[in-house]
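Here is a short briefing on one protein chain.

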Amino acid sequence: MPRLSRVVLFSLASLATAGAALADPPAPPAPARPKQIVIISFDSARDISQWKRSRALAQRTGAHFTYFLSCVFLLSPETRGQYTAPGKTAGKSNIGFAASRQDVAERLEQIGLAAHEGHDIASHACGHFDGKDWSKADWLKEFASFEHIFENAYAINGTAPEPEGWREFARHAVAGFRAPYLSTGKALYEALPAAGYRFDASGVSMGPALPPTVGGITNFSLPQIPEGPKSRPVIAMDYNLYVRHSGGFERPSNAGEFADRTYQAFHAAFDAQYRGKRIPLELGFHFTLMNDGAYWNALERFAGEVCVKSDVECISFRDYVSRQDGGQKQATVGG
């Protein structure tokens with residue numbers, strides 16, 4: 001009997017081994033999913049305190065942002081005549097100018113620090129005029145004003161010392177553009193490549209969309225995302241949420257509610273892509289603290305949760321375009 005038991009056990013073991021050999025081969029490992037990209041940007045980039053706050057958020061989360069700079073904030077009241085918008089007299093702007101030469105100096109310092117930290121400095125034109133009816137020549141004039149004021153900002157305002165390498169940085173740093181009011185036209189898209197831009201972020205899409213490249217310009221679009229109790233679509237930008245929530249008027253007593261609604265909308269839009277096709281999610285902001293800072297509070301809560309994930313990258317528009325083009329790095333200044 002002991003010998004028979006050993007034979008039976010051996011036979012069973014052999015059958016088990018044979019069964020394993022005849023089983024289906026293991027499935028190949030699933031291909032690695034791309035990281036979820038989130039692109040966060042700021043328009044006009046005026047208030048020094050918000051420059052510092054955004055940079056601190058980036059340092060906490062590892063994010064890189066795009067700052068769409070309005071060049072009138074590099075002109076003091078004394079130097080405002082350096083800017084002339086198409087069809088306007090010198091020194092006119094829809095959004096004013098910098099408060100003082102000292103204000104300009106502090107903003108230039110923040111721009112240099114942000115660039116050194118890897119952030120993207122882009123153009124929001126100068127005087128925040130609606131250029132939908134401008135000609136190609138008008139846009140080229142506005143772009144030339146931006147370039148001249150940005151490159152010569154220290155000299156124009158008598159601010160010293162000018163950092164070593166500033167002018168070289170200013171000539172090459174700006175690769176992208178967002179139109180004031182997101183107002184565009186055929187002439188703008190003729191002027192952008194002629195002026196050497198590589199991307200435009202003035203579009204609006206029904207939802208997150210992969211940016212097409214046309215005529216050498218990569219075209220990004222702020223998505224419409226579901227928001228609020230009825231999940232109605234709204235452009236994923238703080239100003240549009242401000243209008244949705246309070247009609248464009250301050251309601252600080254509801255700031256907590258508005259911040260939570262915004263956070264929930266951002267996170268739902270993020271989750272849809274994170275669990276789905278992983279199309280980049282774009283979110284837009286201003287330095288203005290609308291509804292008592294509700295939208296910045298939502299941004300900090302959101303970015304603090306998602307940008308730190310190992311399979312998420314919060315990067316700038318320029319980072320994204322450079323990857324597609326083969327890896328050009330953001331220009332830096334001041335070492």
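**Helix packing and overall build**

Helix H8 passes helix H9 in a right-handed crossing. The model is predicted. Its chain has 335 residues, 51% of them counted as buried.

**The H8–H9 pair**

- H8 covers residues 238–246, and H9 covers residues 255–274.
- The two axes come within 11 Å and cross at roughly 130 degrees.
- Angles from 65 to 115 degrees count as roughly perpendicular and those over 145 as roughly antiparallel, so H8 and H9 are oblique to each other.
- On the H8 side, the contact residues are Leu241, Arg244, His245 and Ser246.
- They meet Phe258, Arg261, Thr262 and Phe266 in H9.
- By class, this H8–H9 contact has 3 nonpolar, 3 polar and 2 charged residues.

**Helix H4**

- H4 runs over residues 136–151, which makes 16 residues.
- At 1.5 Å a residue, H4 should span 22 Å.

**The chain overall**

- The secondary structure comes to 11 helices and 10 strands.
- Among contacts with a separation of 6 or more, 71% join residues 24 or more positions apart.

Notes. Residues are numbered from 1 along each chain as its sequence is written. This is a predicted model: local features need pLDDT of at least 70, side-chain atom pairs count only at pLDDT 80 or more; totals for chains, interfaces and linings use all residues. Side-chain values use heavy atoms; hydrogens and water are left out. Helices (H or I, at least four residues) and strands (E, at least two) are DSSP runs, numbered from the N terminus. The expected span of a helix is 1.5 Å times one less than its number of residues. Axes are lines fitted to C-alpha atoms, for helices over the stretch in contact, and angles run from 0 to 180 degrees between N-to-C directions. Angles under 35 degrees count as roughly parallel, over 145 as roughly antiparallel, 65 to 115 as roughly perpendicular and the rest as oblique. A crossing is left-handed if the near helix is turned anticlockwise from the far one by less than a right angle, and right-handed if clockwise. Contact means heavy atoms within 4.5 Å. Ala, Val, Leu, Ile, Met, Phe, Trp, Tyr, Cys and Pro count as nonpolar, Asp, Glu, Lys and Arg as charged, and the others, Gly among them, as polar. Buried means under 20% relative accessible area, exposed over 50%, partly exposed in between (1.4 Å probe, protein chains only).
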